[in-house]
Amino acid sequence: MTESSTAAQRLTEERRSTNERLAQLRDDFAAIVAASADSNADDEHDPEGSTIAFERAQVGALIEQGERHLAEIEAAQGRIDADTYGQCESCGRNIAPARLEARPIARTCIDCAGQADPA
Ligand SMILES: [Zn+2]
C-alpha cells in the first residue's frame, strides 16, 4: 500500500516547515535579545522593557514548542524506518488513517490518546 510513503512525505514536509518556522523564530529571538540589550535595563518602569521581556518569553516558548514538535517528527520517521508507524504505542492496534492524516506524529490511537496523552 502507499500509505506509509504518504505518511513519510507528510512528515518530510512537516519537518521542513517546522525547521523553517524555527529558523524564523530564532531570528526573532536574536532580534529581541539585541533590542533588550539596547534598551535601558535599569528602568523597571520602562513599558517597552516589559514588552520586550514578554515577547522574549513568548518567542522562547514557541521555539521550545517547535523543537519538541521536531523531535516528535523525527521519532515518527524512526517508526516508519522500524516499520512500527501507525501502530498505537499503548494498545498495539492500528491508528485510524484519518487520525494519522490529521496528526502524522500520533503515537497512539484515539482511544488511548483520550486516556493518557492530552496531546
Ligand atoms: Zn491504543
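**A buried arginine and a zinc site**

Good morning. I begin with R79, which is buried at a relative accessible area of 8%; buried means under 20%, exposed over 50% and partly exposed in between, with a 1.4 Å probe and protein chains only. Please note that this is a predicted model, in which local features need pLDDT of at least 70, side-chain atom pairs count only at pLDDT 80 or more, and totals for chains, interfaces and linings use all residues. Residues are numbered from 1 along each chain as its sequence is written, and side-chain values use heavy atoms, with hydrogens and water left out.

The protein has an average pLDDT of 88, and 85% of the residues score at least 70; pLDDT is the predictor's confidence in each residue, from 0 to 100.

R79 belongs to helix α2. Its side chain comes to 3.3 Å from the backbone oxygen of I105. Beyond its neighbours within four places in sequence, R79 is in contact (heavy atoms within 4.5 Å) with T84, Y85, E89, I105, A106 and R107.

I turn now to the metal. Which protein atoms are the donors of the zinc ion? They are the SG atoms of C88, C91, C109 and C112, at 2.2 to 2.3 Å; donors are N, O and S atoms within 2.8 Å of the metal (3.2 Å for Na, K and Ca), and water is not among the atoms, so sites may look incomplete. Their sequence spacing reads C-x2-C-x17-C-x2-C.

The arrangement is tetrahedral because the 4 donor atoms subtend angles of 104 to 117 degrees, and four donors count as tetrahedral if all angles lie between 85 and 135 degrees. Thank you.

Notes
Tetrahedral: all angles 85-135°; square planar, octahedral: opposite > 155°, others 65-115°. Helix = DSSP H or I, 4+ residues; strand = E, 2+ residues; numbered from the N terminus. Polar contact = N/O pair within 3.5 Å; in protein donor to acceptor, adjacent residues only side chain to side chain.
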